[in-house]
Amino acid sequence: MNTRYSDKSPLYLRIPGIVGKILILAAASVFTAFPFVWMVVSSLKTKADILNTDIFFPSEPQWGNITGILFNSPIPKYILNSAWVSLVIVALQIVSGAMLAYALVFLKFRTRKILFAIVMATYMLPVAATYIPSYIILANWGILDSFLGLIVSSTVSIFGIFLLRQGFMQIPKGLVEAARMDGASHWRALWEIVCPMTKSSFITFGLMNFIGTYNNYMWPSLITKTSDYFLVSQGLRAFFVRDGAYGTEWALVMAASAVVVIPLLILFAFTQKWFINGIGGETGMKG
Amino acid sequence: MSTPKVKRKFKRRYDKLPTVLLFVLPALIPLIVFWIYPICRSVYLSFTNWDFISPTYKIVGLKNYISLFRNPRFFEALGHTVVFTAGTLIPTIVLGLVLALLLVRNFHGSGILKFILFSPWITPTVAISIVWTWIYKTDGGIANTILTALGASPLKWISSSDTAMLSVIIVTVWKSLGYAMIFYLSALERVPGELYEAVALDGASKWRTFFDITLPCISPTTFFLMIITMVNSLQAYDQIQVLTQGGPSGSTRTLLYMYYQLGFQEFNMGQATAVAVVMILLTVGLSVIQFKASEKWVHY
Amino acid sequence: MAEIILKNITKEYENGFQAVKNVSLDIKDNEFVILVGPSGCGKSTTLRMIAGLEDISDGDLFIDGERMNDVAPQHRDIAMVFQNYALYPHMSVYQNIAYSLKIKKIPKSEIDQRVHEVAKSLGLEELLDRKPGQLSGGQKQRVAMGRAIIRHPKAFLMDEPLSNLDAKLRGQMRVEIADLYQRLNTTFIYVTHDQTEAMTLGTKIVVMKDGEIQQIDNPTNLFSYPVNKFVAGFIGTPTMNFFEAECAEENGLVVLKTVAGRIVMNDAKAAKLREGGWIGKKVTGGIRPEHVILSQDGENTVFSGKVNVFELLGSNAIIYVETEAGMIVMNTSQVQVYEHGDKIALSVIADKVHVFDPETERTVTN
């Protein structure tokens, strides 16, 4: 058999290739992981350690840096803010997105194609271009510096509509029709038939948008000024620049970053497959 | 004959209207209020001299655009945007593909590598940019420590206008590399195996196989990534805000950052929205060009 | 349990295509009605309009005297069995069958009792915990029927329910559906493209073509008195032979003159042909293969030619004969073996000849 050409060559010829592959992967992984590692080791250092570039590991781990952030800083509050605001936003985005995607796939109406074209067009446009008028709208409604403002302005996810539409299109129309014949309203058909069948799209949608909202920085930082309403990115940045901590309290800043980043890495470790299968498979195109 | 027909059409359209509205409006209303209306409003504001504070403003025609096009800062920012976009797009896509090619066949530990390589994408840009600020620190930063250890001369990274853009690009590529890799991984898995067998029977070399089979088969993903990376690069804000705030001396001020400064620091809403319109046109223009070009090299 | 009336129903799509044109149909209580026709004839669309899955562009639909055009499918109290079964893949067989009752908020104990009843009658008891993915085609078909039966709906709609089964299973399920109809005693509307299925199942068959009803009749009449050439050709296998002929009057008898011979019309047919002024005109003749016979003495030969294909089917044989009038198929029980190329002279049972208007294709002898 001559087909498996790459496996056929003798081992000694394949060695340079294997070594090259290992080197590239090792370099990429080190490059990627290094900032995380550096963040963690720096967060455990004393002020003296921090300034001494000759030592990599802390001379003695300063767990107090971490507990200080956890118990004596606003960072945990920002994390909670981010978490619950993101949960609410993602829940709203899932409901509104699923309904629109259902309408686009299973309902018949005249303006369906136009509606999809509009959604498609907004997907590509830079969000930032909407910020000034959106800011004015929230100001007029009097909800600028509030959780409500953050939530109200983010109840729809165009990415999510795409993702769900893609998933819904895989479902045979007959199933929804059968549910209708069985007496189900469109609302029930969506949540009892379509949703369980496209569970993975919903999970991917939820996770991606949760992370995106949780980490979001520019828009929340424009509309919230009171630290009570800060999401985690804005809070972290405020912590970073406050009272000249910038440049002096590096260990604390790294500890704060670590407290923010590590839970996300743990979340990611448990949900990895939904990200990897979900986003890779949903380019919206064949390939 | 004509009356019943009119009546019929009317009826057909409005029969199920309540259901359709119920399903469409929860997404459509926010979409209109926070997307479509603001875009239109931005275009309108770009023809005014509004300063955000005074209640009245005038239509000034193309004045905002004219002064923008006379402002060297604008062309500087445009240039930075182009450099930044190209500087992130090309390495992200090329390195993302290389990593995907190396990881497409599962081996012991490949799962961990995928985890590591993708993890920057899920962490807050602000948090990791703060870490990078510390890494880039001119004295005592680990980046320079490594450079010195390797025998190279230390750089000033984000403190010098020569290297600031490079520093921001490195952080951006670091963050988006894994994302591109994941897309390529799933694209590579979908290349039909028979194609490889067929081309092997034809006696093609490894490189030929790659260029004749693999690249064309994954071209839709490449195209998708180019669009997405481009749109993301045009909108990059977090890392610039944390690392350099557009500095030093404007060397990392992109169009978006200029928009932010004009709108939310100088409250020159007319000029700011004019920049926003330029960004929209740029996005649309680049997308159209890419779509047109894609007909030549993307194979569905 | 329901009377369904379609009054001048039309389905027009946005591009102007009319899938169903001005269809009127009365379906009585407890009737088994079959919509049959080639694909694209509008039969499924008609069914889906009755179900409420397609909008009615024009005309009125009444169920038990109530106009239903704008009533959502879930409020029509009609059950439907889909071609691909449309079982909910994430639910067990039990949940699939129980779903409609759950929606109606029927108490759990009653649901349980009814599901087991239905499952028993369909032989599904052992499978209640399985998911649809673990079932065979026939089992899925039964679940789909169970899901419809459990509701005691006003009417059953079936959209090509057997087309995904293999031939043997199809025959078996056909019997089961007929049996089900007897037991349930309710209105059935059944769509199929298979005329054999239609003829064996139906008491009232609606033949459709290009969105229009061609004929509504019982199987016997459809077979013996098709109203036009399309119905004549669509019903029956092998299909009816058509040939060109000229209608003439000879010695006081009305005859059809074919290339090779003549067929004497009986009194009834002769009267119709005279009445219609067909004497001296070209017509299209039609004869079913089972009414083609061997010409004994050469006197009454209508077609002569050579045997092309000879198919022996046991008790009968089908002979394809290449004649001057084109290919004529004979279905005979007088089994005699022929070789390819054997010369053969054919006659017909004159009483069974159909005569069609060559222009409009209508039957002129009914």
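## Chain A: two domains

Chain A splits into domain 1, covering 5-66, and domain 2, covering 74-281. Keep in mind that this is a predicted model. Taken over C-alpha atoms, the centres of domain 1 of chain A and domain 2 of chain A sit 33 Å apart. Where the two touch, domain 1 of chain A puts in eleven residues and domain 2 of chain A puts in nine residues.

On the domain 1 side of that contact, the elements giving two or more residues are α2 (11-43), α3 (47-51) and α4 (63-72) of chain A. Of these, α2(A) gives the most, with four residues. Sorted by class, this side of domain 1 of chain A has four nonpolar, five polar and two charged residues.

As for chain A in general, its secondary structure amounts to 15 helices and zero strands. The chain has 287 residues, and 46% of them count as buried. If you look at contacts in chain A between residues at least 6 apart in sequence, 73% of them join residues at least 24 apart.

## Where chain B meets chain A

Now for the partner chain. How many residues of chain B are in contact with chain A? The count is 80 residues of chain B, against 74 residues of chain A. Helix α2 (residues 17-45) of chain B gives the most to chain B's side of this contact, with 19 residues. By class, the chain B side comes out as 59 nonpolar, 14 polar and seven charged.

## Chain C: domains and a sheet

Chain C also comes with a domain assignment: domain 1 is 4-234 and domain 2 is 241-356. Their centres, taken over C-alpha atoms, are separated by 39 Å. The contact here takes four residues from domain 1 of chain C and five residues from domain 2 of chain C. The domain 1 side of it has two nonpolar, one polar and one charged residues.

Chain C has an open sheet of five strands, with antiparallel pairing, in the order β13-β12-β11-β14-β20. At the edges are β13 (262-264) and β20 (354-356) of chain C, each of which pairs on one side only. From one strand to the next, the twist averages 40°. Helix α9 (residues 267-275) of chain C packs on this sheet, touching β11 (241-250), β12 (253-257) and β20 of chain C. The direction of α9 makes about 80° with that of β12(C).

One residue to start from is C:Gly285, whose bridge partner in β20(C) is C:Val355.

A few spots deserve a look at the torsion angles. The peptide bond from C:Thr237 to C:Pro238 is cis, with omega near -15°. C:Pro238 lies in the loop between α8 (229-234) and β11 of chain C.

Which residue of chain B has a positive phi although it is not a glycine? That's B:Ser249, with phi of about 45°. B:Ser249 belongs to the loop between α12 (238-243) and α13 (255-265) of chain B. B:Ser249 counts as exposed because it has 11 other C-beta atoms within 10 Å, and the cut-off for exposed is 12 or fewer.

C:Glu361 has a positive phi too, near 65°, and again is a residue other than glycine. You'll find C:Glu361 in the segment after β20 of chain C. With 16 C-beta neighbours inside 10 Å, C:Glu361 counts as partly exposed.

Notes: Residues are numbered from 1 along each chain as its sequence is written. Chains are lettered from A and ligands numbered from 1 in the order in which they are written. This is a predicted model: local features need pLDDT of at least 70, side-chain atom pairs count only at pLDDT 80 or more; totals for chains, interfaces and linings use all residues. Two residues are in contact if their C-beta atoms, placed from the backbone, lie within 7 Å. Ala, Val, Leu, Ile, Met, Phe, Trp, Tyr, Cys and Pro count as nonpolar, Asp, Glu, Lys and Arg as charged, and the others, Gly among them, as polar. Two strands pair if DSSP finds at least two bridges between them. Axes are lines fitted to C-alpha atoms, for helices over the stretch in contact, and angles run from 0 to 180 degrees between N-to-C directions. Domain bounds come from an automatic or database domain assignment. A residue is buried if 20 or more other C-beta atoms lie within 10 Å of its own, exposed if 12 or fewer, and partly exposed in between; C-beta atoms are placed from the backbone.
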